[in-house]
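The structure is shown first.

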Amino acid sequence: MVDVEGARADAARRPPTDDERRTALRRMQRIATSLLVLAAAVFAVAFALQDEVPWLGYVRAAAEGAMVGAVADWFAVTALFRHPLGLRIPHTAIIPRRKDEIGRTLGDFVELEFLSDDVVLGKVRSIDLARRLGEWLREPANAGRVADEAAVAARGVLTLLADDDVEDVIEQLARRHLFAPEWAPAIGRVGARLVAAGQQRHAIDAVLEHATAWLEAHPDALGTAVSDRLPRWLPGFVDRLVDDRAQREALGLLRAIRDDRDHPFRAAVDRALAELADRLQHDPAMIGRVEDLKHDLLDSPRVREFAAEAWASVRASLDAALTDPASELREGLRSAVREVGVRLAADPALQAKVDGWATDAAAYVVRTYRHEIAGVITETVERWDPRETSEKLELQVGRDLQFIRINGTVVGALAGLVIFTVATLLHGVVG
């Protein structure tokens, strides 16, 4: 029942179509014409019998006045839209002949009366835009709808973007922000802070742990790396002893460094890293070597390949996230839209700020494009065919104008009756 009532309400709010307007116009035209035909029939009967039935003179007079009023108003209404009976009588077919002037007048009227600052800004201020928008956005269904539409729009933008253009931008940004500054001082400053904070120790621990585990798992890892350097005249068992000894010593050294937080090797590494960080910041030779390395990388085709790979990865990730309704991106977008709605609905200061932005935007649009907006009306009417213009306007107001014909018929009948009655009374008095 609620759905039926809602459908009826929607139908009542919906503007009638041209076919519906045309049907209503034809119906009213038939009614007005039928009254004229009825008045003519009554007139004919009354005129024929008035000598035998004297009171029919009053009926004849009323019918005669009705015909005069009906014809006069038919002529007036028809003359607005076309030449009555096809006769090119002066000052008829007013709308087709003067449509351009009507369009300019209507455009000027809209510009001066409807697009004035007072009218537009007053309306924008009165609708409480920010609060109503916030109340609408904080509803989960509405927030989801906005987020879904934004995702569709974003995917459309991704489709329109040319890969070569985006890769050019990424490459230019990389050259400007990654390659233009000197690398060595920045690396040195970061390295100095890391060394001062002891962050390098975690890396050293990881390396030592991995190296120790690897040597333990591979007892013959060193192989004959040491014994191959011994003189060939030494017995073979010496080679094996030396190799075993080297393996044990290397493993013992790694374990000692790993387990002793104050081992001299660790201190030596800390000093070497601190010295390297200082040289990267202040040693021109070191800075120059890093810059040479940077320029070699800059001239490498890998920069362009990096831009292409970066864009392809970003594009694929964005497209997948925008396509999947359950993705973190879409969920975050819905949550962000709803949060904006909650804040807008509850924060008067934010509402005032947004309303101010909306008012300023409306003021700019109205003051800058007022004439162009109103000019749409003038230009549209000018493009219309004269006959089409007449038909459009007749469909809009023609049904109401038929009431003029009906009223003219009724008023004419009353006027004819009154005139005849007064004339009859005066004739009786004078006679």
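A polar contact is a pair of N or O atoms within 3.5 Å, where, within protein, one atom must be able to donate a hydrogen and the other to accept it. The model discussed here is predicted. In this model, a polar atom of the Ser390 side chain lies 2.8 Å from the backbone oxygen of Phe81. Ser390 belongs to helix α18, which spans residues 386-430. With a relative accessible area of 4%, Ser390 is buried, because buried means under 20% relative accessible area. Leaving aside residues up to four places away in sequence, Ser390 touches Phe81, Ile95 and Pro96.

**Overall architecture**

The protein contains 18 helices and zero strands. It has 431 residues, of which 28% count as buried. Among contacts with a separation of 6 or more, 73% are between residues 24 or more positions apart. The protein exposes about 28300 Å², and carbon and sulfur atoms supply 62% of that area.

**Helix α13**

Helix α13 covers residues 264-282, 19 residues in total. From first to last C-alpha it reaches 27 Å, close to the 27 Å expected at 1.5 Å a residue. Its buried residues are Arg266, Asp270, Ala277 and Leu280. They cover an arc of only 95° around the axis, and therefore lie on the same side of α13. The face turned away from this buried side carries the exposed residues Pro264, Arg271, Glu275 and His282.

**Aromatic pairs**

A pair of aromatic rings is described by the distance of the centres and the angle of the planes. In one of them, the rings of Tyr58 and Phe420 have centres 5.1 Å apart and planes at 90°, so the pair is edge-to-face. This pair links distant parts of the chain, with Tyr58 in helix α3 (residues 56-81) and Phe420 in helix α18, 362 residues apart. Another pair is formed by Tyr364 and Tyr369: the ring centres are 6.3 Å apart and the planes stand at 80°, so this pair is also edge-to-face.

The table lists the accessibility of the residues in these pairs.

| Residue | Relative accessible area | Class |
|---|---|---|
| Tyr58 | 32% | partly exposed |
| Phe420 | 24% | partly exposed |
| Tyr364 | 52% | exposed |
| Tyr369 | 38% | partly exposed |

Tyr364 counts as exposed at 52%, because the class requires a relative accessible area over 50%.

Methods:
Residues numbered from 1 in each chain as written. Predicted model: local features only at pLDDT ≥ 70, side-chain atom pairs only at ≥ 80, totals over all residues. Heavy atoms only, no water. Helix = DSSP H or I, 4+ residues; strand = E, 2+ residues; numbered from the N terminus. Buried < 20%, exposed > 50% of the residue type's maximum accessible area, 1.4 Å probe, protein only. Contact = heavy atoms within 4.5 Å. Expected span 1.5 Å × (residues − 1). Arc of directions from axis to C-beta. Areas by Shrake-Rupley, 256 points an atom, 1.4 Å probe, with all protein chains shown as cover. Phe/Tyr/Trp six-rings, centres within 6.5 Å; stacked < 30°, edge-to-face > 60°.
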